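Student: Please show me the chain. I would like to go through its charged contacts.

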Amino acid sequence: MSINLFFVLIVGFLMGMYVYFTPDNSLTQDMGEIPKIELSNFTLYEISHKGIDHILSGDEGKKFDEYYVITSAKFSDNTKNLFQSIRSDDAEYRNDIIQLDGNVHYVREDGLEFRSHEGSYNTQKSLVQTQGSFAITQNANRVEGTRLLYNTELDTVSANQVRGSYQLK
């Protein structure tokens, strides 16, 4: 065997090893964004000198760089005049806005309740919004409609196609 053939076989063998052992980057590229923290059956408390300000709980939570994704989410706010909480099947919390999807249910300490299939809650501006249908109840009173804009701090409501039933005393 000539020395040239020997070096050609060695180079071919090394190139084959390089191709065979090169990492496959396609798996890491297809995964998308990876969460920094994953939690199961969790409750997070935000505490200040006044006490507990906010409570965030859920069945499964993922924290990414700039937002949270939560299943069976419940957000409670103790910083307003009345204690209030909002829950849904799925939620995304980003920039003080909670996007809610599936069985949205808002409850306030004085008995006011709001239900919808989707919506958003701006924690800084105290605004609950929904594009679809909704129902607000308090005691025996009920209001239904579409496209709700509800300011929980000022207790003002704006909506379309409103139907209401009030019990007069």
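Student: Is Asp155 buried, exposed or partly exposed?

Tutor: This is a predicted model, where local features need pLDDT of at least 70, side-chain atom pairs count only at pLDDT 80 or more, and totals for chains, interfaces and linings use all residues. Residues are numbered from 1 along each chain as its sequence is written, and side-chain values use heavy atoms, leaving out hydrogens and water. Buried means under 20% relative accessible area, exposed over 50%, partly exposed in between (1.4 Å probe, protein chains only). Asp155 has 45% relative accessibility, so Asp155 counts as partly exposed.

Student: Which residues does the salt-bridge network join?

Tutor: A salt bridge puts a side-chain nitrogen of Lys or Arg within 4 Å of a carboxyl oxygen of Asp or Glu. Asp155 meets Arg108 at 3.2 Å, N to O. Asp110 also meets Arg108, at 2.8 Å, N to O. Shared partners make one network of Arg108, Asp110 and Asp155.

Student: Is Arg108 buried or exposed?

Tutor: The relative accessibility of Arg108 is 6%. Arg108 therefore counts as buried.

Student: How many residues apart are Asp65 and Lys36?

Tutor: Their side chains form a salt bridge at 3.0 Å, N to O. Asp65 lies in the loop between β2 (51-63) and β3 (67-77), and Lys36 in the loop between α2 (26-30) and β1 (37-48). Helices (H or I, at least four residues) and strands (E, at least two) are DSSP runs, numbered from the N terminus. The pair links distant parts of the chain, 29 residues apart.

Student: How many salt bridges does the structure hold?

Tutor: Asp65 with Lys36 is one of them. The total is eight.
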